[in-house]
Amino acid sequence: MKFFVDTADVNEIRELNDIGLLDGVTTNPSLIMKAGRPYAEVTKEICDMVEGPVSAEVTATDFDGMMREAEVLGKIADNVCIKLPLTLDGLKACRALTQGGRQVNVTLCFSANQALLAAKAGATFISPFIGRLDDMAIDGMELIEEIRTIYDNYGFETEILAASIRTVNHVKQAAMIGADVATVPPATLKALVKHPLTDKGLAAFLADWEKTGQTIA
Ligand code: E4P
């Protein structure tokens with residue numbers, strides 16, 4: 001499973017990238033707002049730092065506007081992946097952009113039929129939003145399962161990018177179902193390493209080592 005980090009905070013991205021955990025980054029207009037910096041500047045900085053795809057979202061809602069914005073975003077760096085909303089105009093732009101060789105992430109997916117349309121439009125990634133479905137008492141993980149089945153039935157190459165992840169269990173469940181990618185907030189990504197028995201075991205080993213009076217280096 002690939003890991004993307006879901007943030008536009010360059011310090012968080014640098015830290016995770018230096019550990020070697022990152023296969024890409026996803027941003028969206030709300031995350032750019034949170035970062036409080038000009039979108040082009042921050043997107044360029046992220047693209048220079050991370051080798052994999054960096055999703056940058058259009059804000060136009062019509063096909064022509066999306067194509068114009070995609071051109072501007074695409075000029076920022078080769079690894080910019082254009083993020084388009086799951087609308088008819090978005091699907092049309094998806095087809096046009098992927099045919100032109102650009103990576104596209106179709107976002108705001110809440111149903112298996114939407115994911116089927118995105119795959120038929122040649123999307124590189126489909127982003128089903130797990131957490132926002134869970135918030136409405138609908139099991140977001142079921143959607144990941146449905147999309148996995150449909151994509152496998154027809155051999156679609158569109159990658160399932162589990163998004164709107166809120167917990168470490170979301171990551172585990174998405175991995176067990178076979179989502180290709182998870183885009184995860186920085187704090188949740190770091191929390192994946194935590195286990196109380198790891199901390200307890202390490203403390204005990206270090207205490208015993210101290211009793212030996214030895215040093216390794
Ligand atoms: C995905 O690309 C989105 O940026 C993100 O996962 C949305 O998550 P949220 O529902 O926590 O805002």
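UniProt positions are given here in the numbering used for this structure, feature names are shortened, and annotations may be inferred rather than shown by experiment. Residues are numbered from 1 along each chain as its sequence is written. This is a predicted model, where local features need pLDDT of at least 70, side-chain atom pairs count only at pLDDT 80 or more, and totals for chains, interfaces and linings use all residues.

**Exercise 1. Get an overview of the protein.**

Task: find how many helices and strands the protein has, and what percentage of its residues count as buried.

Step 1. Helices (H or I, at least four residues) and strands (E, at least two) are DSSP runs, numbered from the N terminus. The protein has eleven helices and eight strands.

Step 2. A residue is buried if 20 or more other C-beta atoms lie within 10 Å of its own, exposed if 12 or fewer, and partly exposed in between, with C-beta atoms placed from the backbone. Of the 217 residues, 36% count as buried.

Step 3. For the dimensions, the C-alpha trace spans about 70 × 40 × 30 Å along its principal axes.

Step 4. Two residues are in contact if their C-beta atoms, placed from the backbone, lie within 7 Å. Among contacts between residues at least 6 apart in sequence, 55% join residues at least 24 apart.

**Exercise 2. Look at the annotated residue.**

Task: find where Lys83 lies, and decide whether Lys83 is buried or exposed.

Step 1. The UniProt record, an unreviewed entry, places the feature "active site" at Lys83.

Step 2. On the model, Lys83 belongs to strand E4 (residues 80–85).

Step 3. Lys83 counts as buried because 26 C-beta neighbours lie inside 10 Å.

Step 4. Leaving out residues up to four places away in sequence, Lys83 touches Asn28, Ser55, Ala56, Glu57, Val58, Asn105 and Thr107.

**Exercise 3. Describe the ligand shell.**

Task: list the residues around the ligand and sort them into nonpolar, polar and charged.

Step 1. A residue is near a molecule if its C-beta atom, placed from the backbone, lies within 6 Å of it. The ligand is surrounded by Asp6, Thr26, Asn28, Thr107, Ser127, Phe129, Gly131, Arg132, Ala163, Ser164 and Thr183.

Step 2. Ala, Val, Leu, Ile, Met, Phe, Trp, Tyr, Cys and Pro count as nonpolar, Asp, Glu, Lys and Arg as charged, and the others, Gly among them, as polar. The shell therefore divides into two nonpolar, seven polar and two charged residues.

Step 3. Now pick out Ser164, one of the shell residues. Ser164 sits in the loop between E7 and H9, and its phi is near 55 degrees, a positive value in a residue other than glycine. Ser164 is buried because 22 C-beta neighbours lie inside 10 Å.

**Exercise 4. Follow the strands from E5 to E8.**

Task: work out which strands pair with E6, and then follow the chain onward to E8.

Step 1. Two strands pair if DSSP finds at least two bridges between them. Strand E5 (residues 104–109) runs parallel to E6, joined by three bridges, and Val106 stands opposite Ile126 in E6.

Step 2. From E5 the chain crosses through helix H6 (residues 112–120) to E6 in a right-handed β-α-β crossover. Right-handed means that, with the strands pointing away from the viewer, the path from the first strand over the helix to the second runs clockwise.

Step 3. E6 (residues 125–128) is also joined to E7 (residues 159–162), again in parallel, by two bridges. Here Phe125 stands opposite Glu159, and Ile126 opposite Ile160.

Step 4. In a regular strand the side chains alternate between the two faces of the sheet. Both faces of E6 are covered, with Phe125 and Ser127 buried on one side and Ile126 and Pro128 buried on the other.

Step 5. E7 pairs with strand E8 (residues 181–184) in the parallel sense over two bridges, and Leu161 stands opposite Val181. The crossover from E7 through helix H9 (residues 168–177) to E8 is right-handed.
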